[in-house]
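I opened this notebook page to record what I looked up about the packing of the chain.

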Amino acid sequence: PYPHLDPDALAPMTPVTITARDGLALPSYLTLPVGIEASGLPMVLLVHGGPWARDAWRYDPEVQLLANRGYAVLQVNFRGSTGFGKAHTKAAIGEFAGAMHDDLIDAVDWAVEQGYADPDRVAIFGLSYGGYATLVGVTFTPDRFAAAVDYCGISNLANFMRSLPGFNRPMLVNNWYRYVGDPDIPEQEADMLARSPITRVEDIRTPLMVVQGANDVRVVQAESDNIVESLRARGVEVEYMVKDDEGHGFVNPENQIDMYRAAERFLAQHLGGRKKVKSQ
């Protein structure tokens, strides 16, 4: 469906199964850059949103961009992902910032043990829930990542649920209340805050880039503002990109290009990627 692309310039996406520490099988995808020995590479852990969604074997321009710049790209269908049966999805109940994050760490460990990834040059990058997972990565496991890109990510689970617009609220009953909790119940709100990156912002020492749409009604701008303001108040450097004409994920081509150029520079600075590679 993309006849203008040169197949020789595209990096193959390989299905792999990674075993989590509790034995759960994690269907995943590893994409390795073309023309580089697949050993000790800088790697981007690319976390899908949802979390009730999945990564799939397909052409993904984001993955191909990163692979072209010399990064191994690892996508993990962690517990909570859909498409692999009820047990795989329901294994995420109560596991935000818990076993769901352990799955991602276990996948990084696998890539390192297999020799694909350099443990000192691993970044985490995600949109929406993936942005939350990114913030969890730099707060709950602050020494594991060399860089992080939070794209419209949740920093406060309770505030996120309270600020959702009316058309989103029916979905809370079947997933968010069951999997995460009800912020109107004090003990559940306390647990939600304990699983929220905003309560651990003082632990962030990973270079961080935050991307937000000012018109985002799902994950409101305050979710990103609060993280950025807390870091800047401590004198911690953080890159912050806000686009006034965007919502939950950028759709305007000029903004997408601007964001990916900034992310490319950011990752190259902290992981040591390469410049654009064209096919011969």
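Entry 1, the cores. I kept in mind throughout that this is a predicted model. I looked up the largest nonpolar core, which has 56 residues, and found that Leu 45, Leu 74, Phe 96 and Trp 176 touch the most other members. I then listed the contacts of Leu 45, leaving aside neighbours within four places in sequence, and among them are Leu 74, Val 76, Leu 104, Val 108 and Phe 145. A second, separate core has 25 residues, including Val 44, Tyr 71, Ala 147 and Tyr 151.

I asked which residues of H6, running over residues 170-179, are buried, and I noted Leu 172, Asn 175, Trp 176 and Tyr 179. Seen down the axis of H6, these buried residues fall within an arc of 120°, so they line one face of the helix. The face turned away from that buried side carries Val 173 and Asn 174, both exposed. I also noted that the buried residues of H6 pack against helix H2 (86-90) and helix H5 (157-162), and that Gly 181, which follows H6, has a positive phi near 135°.

H3 (residues 99-113) and H4 (residues 129-140) pack at an angle of about 75°, with their axes 11 Å apart. Angles of 65 to 115 degrees count as roughly perpendicular, and H3 and H4 are therefore roughly perpendicular to each other. On the H3 side I listed Met 100, His 101 and Leu 104, and on the H4 side Tyr 129, Ala 133, Val 136 and Gly 137. By class, this contact of H3 with H4 has five nonpolar, two polar and no charged residues.

Technical notes:
Residues numbered from 1 in each chain as written. Predicted model: local features only at pLDDT ≥ 70, side-chain atom pairs only at ≥ 80, totals over all residues. Heavy atoms only, no water. Core = buried A, V, L, I, M, F, W, Y, C linked by side-chain atoms within 4.5 Å. Buried < 20%, exposed > 50% of the residue type's maximum accessible area, 1.4 Å probe, protein only. Contact = heavy atoms within 4.5 Å. Helix = DSSP H or I, 4+ residues; strand = E, 2+ residues; numbered from the N terminus. Arc of directions from axis to C-beta. Axes fitted to C-alpha atoms, helices over the stretch in contact; angles between N-to-C directions. Parallel < 35°, antiparallel > 145°, perpendicular 65-115°, else oblique. Nonpolar A, V, L, I, M, F, W, Y, C, P; charged D, E, K, R; others polar.
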